[in-house]
Amino acid sequence: MRCPHWLMTSLTVALLHAGVAEARFGKSGSGGSSGRSSSSSSSSSHGAAPANSGSSSSSSSSSSSSGNRSSWGTRYGSNSGYGYGYFGGAFVPWYGYGPRVRLATPAPVAETESTVRATAAVDLMVFVANQQRGFTLGLTAGFEGERFGFNLTGQNISVKADDGSGTTDNLQQLSAHLSFAFLTGQYGRLRAEAGADVVFAPSAVLLAPTLGVSGTLWIVGPLAFESSVYASVYPFWQLDWRAGLVIGAGPIGFKLGWRTQVLDDRGVVDGIVHRDVFMGPTAGMGFAF
């Protein structure tokens, strides 16, 4: 029996339509050539799509790459950000604004910024006032945490003798101070300090408790203003004031300022009051660990 022409045409269209539908529906599990072709073209389509497009057809293929991105983001992206805090290795500022990076671990961890800052510095002061001739060379080492700190300073004061002999007198001074930053924030910090100063004079060794205040103001970028004042009242009298600018270049800092130091022995050596006033510009260099 001969099949009508219209019936043959209908059967052909139906078979073609069924083949296309099967390839599209079973693209991940079909073994036919149509399925492989469709899968290949679909794969290239997904590769060109944005990773965050949210397409359900690309979710399985992007899950592994998404895992890689989340691992990278945990260390540098999702848990990073910007805020105020200590930043190790930079001389200025001690406390400032910058990236806060966390380690890539599933559990919460502490931030990688150091909370203790150690420094070492050398300072030179040249006397240019009060008819004094000479210089002071000092070394300072210290560390400071979020609030508490400690610094140790040793200096040699070399000044022309006042007895007309043309020789030079030398005084050594050793200072040890504890500090507490009672004000700290995005603009700087202000500290109270307490400790002791020892002066090794030509005819005596004198020890006195010392109180003081020091502070740092961050101006812009690596530029800061520093100032401090220390005083001792017994058994000798001392006033040590200094102020200047500091500029940081990575872990290295350069200082330039002015210092005035007054030492008065109150006559404890021979009953005669001896007072020296050392004034002049200061320059120094420090290193932050």
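Predicted model: local features only at pLDDT ≥ 70, side-chain atom pairs only at ≥ 80, totals over all residues.
The protein has 289 residues, and 31% of them count as buried. Its secondary structure consists of three helices and 12 strands. The accessible surface comes to about 17300 Å², and carbon and sulfur atoms make up 64% of that area. Among the contacts with a separation of 6 or more, 45% are between residues 24 or more positions apart.

The strands come next. Strands of a sheet pair through backbone hydrogen bonds, either parallel or antiparallel. Here, 10 strands close into a barrel with antiparallel pairing, in the order β3-β4-β5-β6-β7-β8-β9-β10-β11-β12. From one strand to the next, the twist averages 20°. Strand β8 covers residues 205–220 and strand β9 covers residues 223–232; the two run antiparallel and are joined by nine bridges. Within this pairing, Leu 211 has Ala 231 in β9 as its bridge partner.

In soluble globular proteins, nonpolar side chains tend to be buried together. Which residues form the largest nonpolar core in this model? There are 12 of them: Met 125, Phe 127, Ile 157, Val 159, Leu 171, Val 199, Ala 204, Leu 206, Ala 208, Phe 236, Leu 263 and Phe 278. The elements that contribute two or more residues to this core are β5, spanning 148–160, and β8. A second, separate core has six residues, including Phe 91, Trp 218, Val 246 and Ala 288.

The aromatic rings are the last topic. A pair of aromatic rings is described by the distance of the centres and the angle of the planes. The structure holds four such pairs. In one of them, the ring centres of Phe 143 and Phe 150 are 6.4 Å apart and the planes lie at 45°, so the pair is tilted. Phe 143 counts as partly exposed because its relative accessibility is 45%, and Phe 150, at 30%, is also partly exposed. Another pair is Phe 287 and Phe 289, whose centres are 5.1 Å apart; their planes are at 70°, so this pair is edge-to-face. Phe 287 has a relative accessibility of 35% and is therefore partly exposed, whereas Phe 289, with a relative accessible area of 59%, is exposed. The limit for calling a residue exposed is over 50%.

Key: Residues numbered from 1 in each chain as written. Heavy atoms only, no water. Pairing = 2+ DSSP bridges. Helix = DSSP H or I, 4+ residues; strand = E, 2+ residues; numbered from the N terminus. Axes fitted to C-alpha atoms, helices over the stretch in contact; angles between N-to-C directions. Phe/Tyr/Trp six-rings, centres within 6.5 Å; stacked < 30°, edge-to-face > 60°. Buried < 20%, exposed > 50% of the residue type's maximum accessible area, 1.4 Å probe, protein only. Contact = heavy atoms within 4.5 Å. Areas by Shrake-Rupley, 256 points an atom, 1.4 Å probe, with all protein chains shown as cover. Core = buried A, V, L, I, M, F, W, Y, C linked by side-chain atoms within 4.5 Å.
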